[in-house]
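Reader: Hi! I'm new to this one, could you walk me through it?
Author: Happy to, let's bring it up first.

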Amino acid sequence: MAVARLLSALSVSLSFSLFATHAWSAPTDVRCHAGAYRLDDGAVVDVATVSEPNQLRWRLLDGRTGLLTFDDKGQWTSTLGWTGRADGVRVDFGDCSAADRIEFDGKRGARIAFDIIPTTFQGNGVTLRGRLVLPKGNGRVPVMVTVHGSENYSGVDRYHMQNLFPAYGIGVFVYDKRGTGGSSGKYTQDFYLLSDDAKAAVLEARRLAGKRAGRVGLSGGSQGGWVAPLTATKTPVDFVSVGFGMAEGPLAEDREQVMLDLRNAGYGDDVQAKAREVTDATGVIVASRGARGWEQMDAVRAKYGQAPWWNAMKGEFTGLVVQHTREQLEKMAPELEQGTTWDYDPMPVLRAVKAPQLWMIAGDDLEAPPQETRKRLAALAAEGRPMTAYEFPHTDHGIIAFEIDAKGERKSTRVADGYYRMQIDWISTGKLPNAPYGDAQLLASPKPVAAR
């Protein structure tokens with residue numbers, strides 16, 4: 001969540017007749033098909049680009065999703081979620097000259113037109129590329145400014161919510177974080193710099209939307225759960241939405257992941273208490289960029305290095321530290337350093353945010369273990385903070401539902417039902433009138449104000 005496990009360890013117009021079953025030549029760039037389509041039954045299907053040039057991903061409002069692959073026979077194949085298993089969903093687009101049409105699972109549809117405004121704007125010492133996508137019309141609409149997680153790819157090119165949410169009346173502002181896509185600067189995970197850039201994005205979204213701007217706020221997932229609230233302390237917003245984030249800092253994230261690693265390996269509280277000594281040492285090393293903590297690390301290595309549980313520790317960075325010498329890690333540091341704000345404490349920030357916050361937690365999150373976050377969000381609500389929190393049980397990072405295969409490994413099948421609907425309602429009105437939202441369970445809600 002804070003970083004990729006390794007790379008940031010120390011700071012990674014044709015008619016519908018063309019939808020026939022005959023093969024055609026592969027499109028030169030399947031990105032021509034990205035967008036939102038309204039089907040003849042009124043449903044909306046979002047189609048977004050992914051990293052591979054011959055693939056796309058479709059999504060529905062209820063969270064069902066599949067990966068589309070264009071093969072050398074000129075056909076699209078859909079596989080369930082992220083499993084690689086065929087799902088039987090038939091999707092056809094034709095070629096790029098018919099990019100405004102789709103046939104999806106036996107239903108035909110047409111691309112939904114939006115008002116799209118590309119832009120460049122100034123962040124903190126960098127020039128950022130962005131895009132505002134608005135529903136067609138002249139009326140006021142809520143606008144969501146996306147805040148990045150730890151990914152190092154273009155948000156403008158890849159963020160699917162810029163098509164899905166405008167289809168339901170919400171404007172979306174996307175931008176490339178510094179050092180990615182069309183933005184200048186060096187990629188970083190410095191939350192303070194990233195929140196400065198996100199503040200600039202809010203101001204640019206308001207400027208571009210003009211009189212059409214209704215409620216304007218921030219939405220961040222994963223690492224964005226640290227950056228979005230911090231941004232909300234720097235510029236006024238009407239809401240903050242966080243998905244699969246943590247109310248603990250990056251060092252605690254590593255510690256909680258290590259404890260989960262050990263629990264999953266069958267080790268109990270006694271071993272976890274010993275491992276806490278290890279994560280204390282690795283945390284000092286990482287937070288100090290290697291300046292301190294080595295004597296402490298030598299001590300715990302001598303004490304526990306031969307224990308059977310030693311190699312079961314993975315975490316965000318602890319597994320890397322314990323498997324290498326100081327000299328090896330110092331050689332690796334220039335490649336691994338991402339400027340991560342390791343000592344960040346989110347709680348003072350969350351208390352300082354005046355805008356209402358909605359947090360959506362993944363109940364079985366391996367990247368952002370939720371145990372302490374549950375408690376902290378409930379405590380913030382009990383203090384009278386404008387905090388609402390829900391948990392989607394049996395989901396992993398990304399609010400992704402999964403199944404367990406014969407090897408005991410998780411296979412991601414879909415986004416949890418209710419996750420998109422919850423966000424759309426919250427961003428639109430600041431309320432959640434359409435409960436239930438799938439299996440989501442209420443964790444915290446604002447404490448009622450006593451009548452005077």
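**Cysteines and cores**

Author: Let's start with one cysteine: Cys 32 counts as partly exposed, at 23% relative accessibility. Keep in mind that this is a predicted model.

Reader: And Cys 96, how exposed is that one?
Author: Cys 96 has a relative accessible area of 28%, so it is partly exposed.

Reader: How many disulfides are there in the whole structure?
Author: A search of the whole structure turns up one. Cys 32 and Cys 96 form it, with their sulfur atoms 2.0 Å apart.

Reader: What does that pair tie together?
Author: Parts that are 64 residues apart in sequence, because Cys 32 lies in the segment before strand 1 (35-39) and Cys 96 in the loop between strand 6 (91-92) and strand 7 (101-104).

Reader: Is the link left-handed or right-handed?
Author: Left-handed, with -75° about the S-S bond.

Reader: Switching topic, how many residues are in the largest nonpolar core?
Author: It has 48 residues, and those with the most contacts inside it include Val 145, Phe 173 and Trp 359.

Reader: Which helix gives the most to this core?
Author: Helix 3 (residues 191-209), which contributes nine residues.

Reader: Back to Phe 173, what is it in contact with?
Author: Leaving aside neighbours within four places in sequence, the contacts of Phe 173 include Phe 121, Arg 131, Val 145, Ala 201, Glu 204 and Leu 208.

How values were computed. Residues are numbered from 1 along each chain as its sequence is written. This is a predicted model: local features need pLDDT of at least 70, side-chain atom pairs count only at pLDDT 80 or more; totals for chains, interfaces and linings use all residues. Side-chain values use heavy atoms; hydrogens and water are left out. A disulfide is a pair of cysteine sulfur atoms within 2.5 Å. Helices (H or I, at least four residues) and strands (E, at least two) are DSSP runs, numbered from the N terminus. Buried means under 20% relative accessible area, exposed over 50%, partly exposed in between (1.4 Å probe, protein chains only). A nonpolar core is a set of buried Ala, Val, Leu, Ile, Met, Phe, Trp, Tyr and Cys residues joined through side-chain atoms within 4.5 Å. Contact means heavy atoms within 4.5 Å.
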